[in-house]
Amino acid sequence: MKYKYCPNCGKKLEIKYSYDEGGVPYCSKDDIMFFDTPKPCIIAAVIKDRDILLLKQSYIFKDSKVLISGYVTNGETVESTVVREVKEETGIIVGNIKYLGSEYLASKEIIMLTFMAYYVDGEINKSSEVEHIEWINIENALEEMNEDEIGKRIVKKVLKELGSEEVFNK
Ligand SMILES: [Zn+2]
């Protein structure tokens, strides 16, 4: 997001020239430069044997199931965001987190950091944000995720990681 006024004190921002970034909006009162950075967000495919955890959240997609996602907050690493979001939304504890690459969502200025994570412990205990959670055999997951293009790409990467070349090529 490009700021015109300081979100801290309301002062009109000046443009300050930074060495390698060019002109950057700057508040001289707070001495802060407001770089035009995207919002980091995680998406996690949680795996237990051959099952994957899928959620139904109609405010994201009306007719699709989705993976677990959430914003990275200040003070945490993205790996701890994965652990926190999965626990908050589903009650499940995960470990052995593996980074699968990133996707940029221009419409929302979001950088999606995608992961797979393995089930460690816990029973499904959904948050009020989530309508429904279930373990689905990963071979059938893509059919449940019609509208979720990013989610489907992550599931394909997970299938590849798990050595399911046959399904991957389908
Ligand atoms: Zn300010």
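I began with the contacts between residues at least 6 apart in sequence, two residues being in contact if their C-beta atoms, placed from the backbone, lie within 7 Å, and found that 56% of them in the chain join residues at least 24 apart. I noted that this is a predicted model, in which local features need pLDDT of at least 70 and side-chain atom pairs count only at pLDDT 80 or more, while totals for chains, interfaces and linings use all residues. Residues are numbered from 1 along each chain as its sequence is written.

I then listed the elements, taken as DSSP runs numbered from the N terminus (helices H or I of at least four residues, strands E of at least two), and their order from the N terminus on is β-β-β-β-β-β-α-β-β-β-α-α.

Next I checked burial (20 or more other C-beta atoms within 10 Å of the residue's own, these atoms being placed from the backbone), and buried residues make up 25% of the 170 in the chain.

Which residues touch the most other members of the largest nonpolar core? With such a core defined as a set of buried Ala, Val, Leu, Ile, Met, Phe, Trp, Tyr and Cys residues joined through C-beta atoms within 7 Å, I found A44, A45, V46, I52, V86 and V155 among its 31 residues. Strand β4 gives the most to this core, with seven residues. Leaving out residues up to four places away in sequence, V155 touches A45, I52, I138, A141, L142 and M145.

Last, I looked at the hairpin of β7 and β8, where four residues lie between the strands and E109 takes a positive phi near 50°.

Notes:
Two strands pair if DSSP finds at least two bridges between them. A residue is buried if 20 or more other C-beta atoms lie within 10 Å of its own, exposed if 12 or fewer, and partly exposed in between; C-beta atoms are placed from the backbone.
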